[in-house]
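Morning, everyone. Please put it up.

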Amino acid sequence: MAELGPVLEVFLGGLMSGVLYALVALGFVLIFKASGVFNFAQGAMVLFAALSLVRLSEWLPFGVAVLLTIAIMIALAWAVERLVLRPLVGQHGLILFMATIGVTFFLDGFGQTIWGSNVYQLDLGIPASPWFLFENLFPGGILVSPIDVFAAVIAGTLVVALSIFFHSTKIGRALRAVADDHQAAQSVGIPLNQIWLIVWSTAGIVALVAGMAWGTKLGVQFSLSLIALKALPVLILGGLTSIPGAIIGGLIIGAGEKLAEFYIGPLIGGGIEYWFAYVLALAVLLVRPQGLFGEKIIERV
Amino acid sequence: MATATVTPPREAAERSVRRARQIGEVLLAVENISLRFGGVRALSNVSFDIRRGEIRAIIGPNGAGKSSMLNVINGFYQPQEGRIIWKGRALSRMRPYDAAKGGIARTFQNIALFKGMSTLDNIMTGRILKMRASFFEQALWIGRGKSEELRERAFVERILDFLEITHIRHVPVGKLPYGLQKRVELARALAMEPELLLLDEPMAGMNLEEKEDMCRFILDVNEEFGTTVALIEHDMSVVMDISDRVVVLDYGRLLADGTPEEVRNDPAVIEAYLGVSHG
């Protein structure tokens, strides 16, 4: 059983990075669930939030910078609702999707214009040196990154909070109603604009959390915007409409790609990590297009 | 009523006396409404009113503008011309939120339920405007968050009971048969305790038994709660049987307006229905 130590370490590391994917996927799910819009700009929002935070914290106390960044993300949600979504009410989903691609480019450019385009260090005061667990069980112990643990705890808290939010509050019920049918929701007096503002603000805050976790790990830089691409297979696996699905999908992808690298990698020369998630997503699409936890769509023909 | 309906003459006469007593002042009036989509005229200069407590039918061939009219009344469509007078107040434009807040509820021609949610949750959305608890009270299940949810839940339970759908309260509505979905949609509208209930083809696609049930529910709602009802319906025997007054639209214009008796004998209506086919 001397092999178990490294395997466990790879597995845990995979789970932790899976949590980071899940944080990004969560933003997609929130917006899709409540407005039926596939928000391609979620990655750009992660970058924008992280950039805002890192630059603001240069001349403000960290707590104040966080609050100010939250305010910025809410303002952004308001602007998106006002300038993009409202004029497009009732348009086909594809048109809204295209609009969010536009938002992506705008945010990427705008963010780097006002905040700069260097790589910025984000320091949350979490020790960078890894922890070694179970040193008496395995030779050398199991290496765990404190940042990953921090991200996992935050993600867990977010999921619990969001689940309560969606399932036991009036606003949550209204959100689910809007996601199902815009017109019917309006007919019972749910104001669409307010709901969208709430959802996009929440997604903005989730983007901030994701940005903090990823930014601490990789530094705050343009490539944060591209982690949205890593969230896509997570969404396909977990289902676009399920909050727990985003988390479990993230864990499966994270652990799966690391284990695949560990076991199959040496046989075919490595590099599996980079495509494993997409192949897994493709396989899921063939068998269960709605994902593991998504709602099955049955249409009357 | 010399119609092909099941209502015996004496009962019908008694009913009309009772109806006359129940029907009150004008609740809603549409005045000179014109609605265009690009070059297509959906409604042209249509005026009529709906009185408190009555059952008002809107009929007409396909494409006559009936659904457009309902959409104008609850604010989904903004007419280019005309105005709506709701409870004595003239409005240049009605918004869906204001309509709901003001007491107008509706159902849809193609059922518009929240398919992923249970019957109970669907109907609870009808109570959203009645709930005042703050976000934190709801999330933490304290104070008004708890008392309100319980109170509204009890209210919804009475509606479930009234419409005889208590047995499906926890079933996701997407899994229900068509007739029951229609009934849940009515329940959601009733949960809003509306003053004016707009029903867009409440009996379309139903079998005879389901139609009779739906008819009975509409009459019960109207008589027990005094809810004003405006409904679009194609089944003429239903329309003639339950409505107090009928508006006939054709090609977006008002063709006739009067009691079922008057409308049925109107030559223009007879021609629209029997003379020419609009496809």
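Start at the domain boundary: 10 residues of domain 1 of chain B are in contact with nine residues of domain 2 of chain B. Contact here means that the C-beta atoms, placed from the backbone, lie within 7 Å. This is a predicted model: local features need pLDDT of at least 70, side-chain atom pairs count only at pLDDT 80 or more, and totals for chains, interfaces and linings use all residues. Residues are numbered from 1 along each chain as its sequence is written, while chains are lettered from A and ligands numbered from 1 in the order in which they are written.

Which elements of domain 1 of chain B give two or more residues to the side that touches domain 2 of chain B? Helix H3 (96–102) and helix H8 (208–225) of chain B. Helices are DSSP runs of H or I, at least four residues; strands are runs of E, at least two; both are numbered from the N terminus. H8(B) gives the largest share of that side, four residues. By class, that side of domain 1 of chain B has seven nonpolar, one polar and two charged residues. Nonpolar covers Ala, Val, Leu, Ile, Met, Phe, Trp, Tyr, Cys and Pro; charged covers Asp, Glu, Lys and Arg; the others, Gly among them, are polar.

Now the domains themselves. Domain 1 of chain B is 1–103 + 196–279, and domain 2 is 112–193. The bounds come from an automatic or database domain assignment. The C-alpha centres of the two domains of chain B lie 27 Å apart.

Next, a sheet. Four strands of chain B form an open sheet, order E2-E1-E4-E5, with antiparallel pairing. Pairing needs at least two DSSP bridges between two strands. Strand E2 (40–51) and strand E5 (89–91) of chain B stand at the edges with a single partner strand each, so one side of each has no neighbour in the sheet. From one strand to the next, the twist averages 20 degrees. Axes are lines fitted to C-alpha atoms, for helices over the stretch in contact; angles run from 0 to 180 degrees between N-to-C directions.

Look at E1 (residues 26–37) and E4 (residues 81–86) of chain B: they pair in the antiparallel sense over five bridges. Ala29(B) stands opposite Ile85(B) in E4(B). Helix H2 (residues 66–73) of chain B packs on this sheet, touching E1, E2 and E4. The direction of H2(B) makes about 115 degrees with that of E1(B).

Last, the whole chain: chain B has 11 helices and 10 strands.

Methods. Contact = placed C-beta atoms within 7 Å.
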